[in-house]
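Please read it alongside the sequence and coordinates shown below.

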Amino acid sequence: MTELIHQYLIQNGALEWLGVFTGILCVWLAAKNNIWNWPFAIISVAIYIFIFFETRLYADMGLQFYFMVMNIYGWYYWSRKKNKAAQKSITLMHKGEWIFAILSVTAFTILLGFTLHRNTDASFPFIDSFCTACSLIGQFFLARRVLQNWLIWIFVDLIYVGVYCAKGLYPTAGMYALYIFIAYMGYKDWKMIYSEQKN
């Protein structure tokens with residue numbers, strides 16, 4: 001019985017569609033600066049741990065565990081703000097943070113890419129590792145309410161669309177294409193909030 005349920009969910013894509021729905025909902029709510037993005041993110045992440053294992057995108061699978069921790073952290077960080085003004089506080093990345101992000105992404109991509117290439121049957125080990133590294137940085141800055149997290153997501157989601165199309169994960173590729181638009185809208189909305197904070 002368990003095997004039949006497993007086959008149905010995989011072959012009919014029901015699990016992927018549920019991951020797509022909760023993923024889109026969590027990103028849309030995040031773009032709206034709404035704290036309820038975090039529980040939907042946790043559900044989506046749990047689903048994609050399984051999906052990425054099945055499709056041998058191991059760096060992406062490992063990334064989901066990081067996302068799980070960061071989603072819990074983000075939910076805590078956003079909920080500890082006592083008033084609405086503080087809750088909506090947006091900050092900017094500093095030059096040092098950009099440099100750290102670029103160096104971290106480069107080092108992580110090389111180390112993980114070679115590890116996956118030599119020791120696993122991973123699909124696209126270096127591209128997968130690069131996207132994972134960018135996502136690590138993007139998620140951290142999203143949790144910390146840093147405006148430029150949306151620029152990082154736009155960049156990496158463009159690459160993810162191609163990766164998921166190549167793996168035949170078309171609903172997921174469509175979700176990431178939609179993420180690009182939502183991230184753009186999130187950037188605009190958060191930029192407006194940031195401007196209002198300064199006044």
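A residue is called buried when its relative accessible area is under 20%, exposed when it is over 50%, and partly exposed in between, using a 1.4 Å probe and protein chains only. The model is predicted, so local features are reported at pLDDT of at least 70 and side-chain atom pairs at pLDDT 80 or more, whereas totals for chains, interfaces and linings use all residues. Residues are numbered from 1 along each chain as its sequence is written, and side-chain values use heavy atoms, with hydrogens and water left out.

**Fold and surface**

- The protein has 9 helices and 0 strands, where helices (H or I, at least four residues) and strands (E, at least two) are DSSP runs numbered from the N terminus.
- Of the 199 residues of the protein, 47% count as buried.
- Taking a contact as heavy atoms within 4.5 Å, 73% of the contacts between residues at least 6 apart in sequence join residues at least 24 apart.
- The protein exposes about 10,500 Å², of which carbon and sulfur atoms supply 70%; accessible areas come from the Shrake-Rupley method with a 1.4 Å probe, and for residues only the protein chains shown count as cover.

**Salt bridges**

- With a salt bridge defined as a side-chain nitrogen of Lys or Arg within 4 Å of a carboxyl oxygen of Asp or Glu, the count comes to 2.
- One of them joins the side chains of K32 and D189, at 3.6 Å from N to O.
- Because K32 lies in the loop between α2 (14-31) and α3 (37-54) while D189 belongs to helix α9 (residues 170-198), this pair ties together parts that are 157 residues apart in sequence.
- K32 counts as partly exposed because its relative accessibility is 46%.
- D121 forms a salt bridge with R56, and the closest N and O atoms of this pair are 3.9 Å apart.
- This pair links distant parts of the chain, with D121 in the loop between α6 and α7 and R56 in the loop between α3 and α4 (58-79), 65 residues apart.
- D121 is partly exposed at 43% relative accessibility, and R56 is also partly exposed, at 32%.

**Cavity**

- On a 1 Å grid over the protein atoms alone, a cavity is a set of points where a 1.4 Å probe fits but cannot get out, a pocket is an open set with protein on both sides within 12 Å along at least five of seven lines, and lining residues have an atom within 4 Å of a point.
- The structure holds 1 cavity of 30 Å³ or more, and about 350 Å³ of space lies in the largest cavity, a volume being the space filled by probe spheres set on grid points that are joined across faces, edges and corners.
- Of the 23 residues lining the largest cavity, the closest to its centre are C26, V27, F67, Q139 and Y179.
- Two or more lining residues come from each of α2, α3, α4, α7, α8 and α9, and α3 gives the most, with 7 residues.
- By class, this lining has 16 nonpolar, 6 polar and 1 charged residues, where Ala, Val, Leu, Ile, Met, Phe, Trp, Tyr, Cys and Pro count as nonpolar, Asp, Glu, Lys and Arg as charged, and the others, Gly among them, as polar.

**Largest pocket**

- The largest pocket has a volume of about 190 Å³, and its lining includes W98, T106, F130, C134 and F155.
- The elements that give two or more residues to this lining are α6 (95-119), α7 (125-143) and α8 (149-166), with the largest share, 5 residues, coming from α6.
- The lining of the largest pocket divides into 10 nonpolar, 1 polar and no charged residues.
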